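Please keep the sequence and the structure at hand while reading.

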Amino acid sequence: MIDLLRRLCSAPGVSGDEQTVAQVICNEFAPYANHVGIDQNGNVIAEMGNTEAERHILLDAHLDQIGLIVTKIDKQGFLRIAPCGGVDRRVLMGARVLVCGTRQITGVISCLPPHLIKGGEDQVPLIDQLAVDTGFSKSEIENIVKPGDRVLFDTSLKVLIGKRVSAPGLDNRAGVASLIRCAELLSKKKFYDKISFVCSVQEETGGTGAKTASYSLDPVEAIMVDVSYAEQPEVSSEKSGKMGEGPMIGISPTLSKTVFNSLIQTAQENRIPYQLEVMGGNTGTNADEVTNTRRGIPSGLISIPLRNMHTQAEVIDWQDIEDTAQLLASYVENGGNFHA
C-alpha cells in the first residue's frame, strides 16, 4: 500500500492538467480490469465484471490535487500565481514547489520577512501577493515556463509511525488507491454486475469529471470515495473521524438512504470497521454532482479520515484505505443496494 501511495502521490496532477497521474493510474488498473482507458475529458475509466449486466455500479474517486497556476512572468523573472483548487495560503510562504513547464523545475514561494509586513507574522498575504522564485531571469524562465503551467508542492511521501503516511495529494490519491485495491480484491472474487471504476478529473475545481463520466456511463447506482476531516486539535469530534478506525460512511439528505444503509449492513456483516459522517446538506464531494445526473443516480459516499487537508503535509492511516477497499469489494460482491 505504501508503494502504491508513493507512485500515486509522486505523479503530478493539479486540476485541469492531470495527464501524468492518469497514465500512472491506468497502469495500476491494467492487471485487474477488463478494459481501462482515458476518456475525452481526462477521466480514467476501468471496467470489470459482466458488461451486459443490468446492475451497473460506478465507483468514483477524484484523481486531481490542489495546486497553483502560473498567471504571468514578471520583469524580474518571478512567477505570479493563482490558486487551482482550495489551496491553504497559510502554508504557502517559503514552501518549496515544483513548476511543471517544458520540464519540471524547483522553485520557492517567496515572501517578505515578518519585519517588513504591516501586522507582522500575524498577517497572511493573499496569493496574488506571492511569487515563485526559480532563480532564473525573465528571459531564461520564459524558455521553460508559460502562463497556464501548474505548480505543486515539492514534498515526497514520508512514512510515519504505525500505518500512517504523510504526503501532498493524499486528497484524493488515498481514494484512488482504495479503488485500485478494490479492483485487485474483485479480480479474485465472483460477482455478476458491471463495475466502472472512475478516477475523475477536476473535482477540486467543480466536479466536472465525475459529472460527465456518470452521464456517459449511466450506472444504476454510484459510490464516491474521498477524504474527510480526521480528529486533531481544534477539530470537533462531531465533524471528524478517527484515523485507523475505518472508513466514514456518509449520511446526508443528498445521499441515497438505501445505499448508505446497505453500506452499513455490508460493513457489519463482514466485520469491517466503519464510522458515520452525518451531514445536514451537500457533501462537498463528487456525490453532489453524480446524484443529480440524468434522471438521478442513487449515490453513497465513503470518506477516508485525513489530517492537514489541502497542505503539503496531509496525513492518513493506510489501514483506512485497506478497509475502504474491503468494504467496496464486499458491497459489490453482495449486489450493491440490491442486497437483501
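Cysteine 100 stands opposite glutamine 104 in strand 7, where strands (E, at least two residues) and helices (H or I, at least four residues) are DSSP runs, numbered from the N terminus. This is a predicted model, in which local features need pLDDT of at least 70 and side-chain atom pairs count only at pLDDT 80 or more, while totals for chains, interfaces and linings use all residues. Residues are numbered from 1 along each chain as its sequence is written, and side-chain values use heavy atoms, with hydrogens and water left out.

- Strand 6 (residues 96-100) and strand 7 run antiparallel and are joined by five bridges; two strands pair if DSSP finds at least two bridges between them.
- Strand 6 and strand 7 form a hairpin, with three residues between them.
- Strand 6 is also joined to strand 9 (residues 150-153) by four bridges, again in the antiparallel sense, and here cysteine 100 stands opposite arginine 150.
- Four of the five residues of strand 6 are buried, and the strand is mostly covered; buried means under 20% relative accessible area, exposed over 50%, and partly exposed in between, with a 1.4 Å probe and protein chains only.
- In a regular strand the side chains alternate between the two faces of the sheet.
- Strand 7 (residues 104-110) has a covered face with Ile105, Gly107 and Ile109, and an uncovered one with Gln104, Thr106, Val108 and Ser110.
- Strand 7 pairs with strand 8 (residues 131-133) over three bridges in the antiparallel sense, and isoleucine 109 stands opposite valine 132 of strand 8.

- Eight strands form an open sheet of mixed pairing, in the order 1-2-12-3-13-16-14-15.
- The edge strands, each pairing on one side only, are strand 1 (35-38) and strand 15 (275-278).
- From one strand to the next, the twist averages 25°; axes are lines fitted to C-alpha atoms, for helices over the stretch in contact, and angles run from 0 to 180 degrees between N-to-C directions.
- Strand 3 (residues 56-62) and strand 13 (residues 221-229) run parallel and are joined by four bridges, and aspartate 60 stands opposite methionine 224 of strand 13.
- Helix 2 packs on the sheet, touching strand 1, strand 2 (44-49) and strand 12 (194-200), and its direction makes about 180° with that of strand 1; contact means heavy atoms within 4.5 Å.
- Helix 6 (residues 257-269) also packs on the sheet, touching strand 13, strand 14 (248-251), strand 15 and strand 16 (299-306), and the direction of helix 6 makes about 155° with that of strand 14.

**Helix packing**

- The axes of helix 2 (residues 19-29) and helix 4 (residues 170-186) come within 10 Å and cross at roughly 20°, which means that helix 2 is roughly parallel to helix 4; angles under 35 degrees count as roughly parallel, over 145 as roughly antiparallel, 65 to 115 as roughly perpendicular and the rest as oblique.
- Helix 2 contributes Val21, Ile25, Glu28 and Phe29 to this contact, and helix 4 contributes Arg173, Val176, Leu179, Ile180 and Ala183.
- By class, the contact of helix 2 with helix 4 holds seven nonpolar, no polar and two charged residues; Ala, Val, Leu, Ile, Met, Phe, Trp, Tyr, Cys and Pro count as nonpolar, Asp, Glu, Lys and Arg as charged, and the others, Gly among them, as polar.
- Helix 4 also packs with helix 8 (residues 318-333), at an angle of about 45° and with the axes 8 Å apart, and the two helices are therefore oblique to each other.
- The contact of helix 4 with helix 8 includes Ala174, Cys182 and Leu186 of helix 4, and Ile321, Leu328 and Val332 of helix 8.
- The residues of the contact of helix 4 with helix 8 divide into 11 nonpolar, three polar and two charged.

**Histidine 62**

- Histidine 62 lies in strand 3 and counts as buried because its relative accessibility is 1%.
- Beyond residues up to four places away in sequence, histidine 62 touches Asp171, Asn172, Val176, Ser200, Glu203, Glu204, Val225, Asp226 and Asn286.
- Histidine 62 and methionine 224 are 162 residues apart in sequence and 8.6 Å apart in space, C-alpha to C-alpha.
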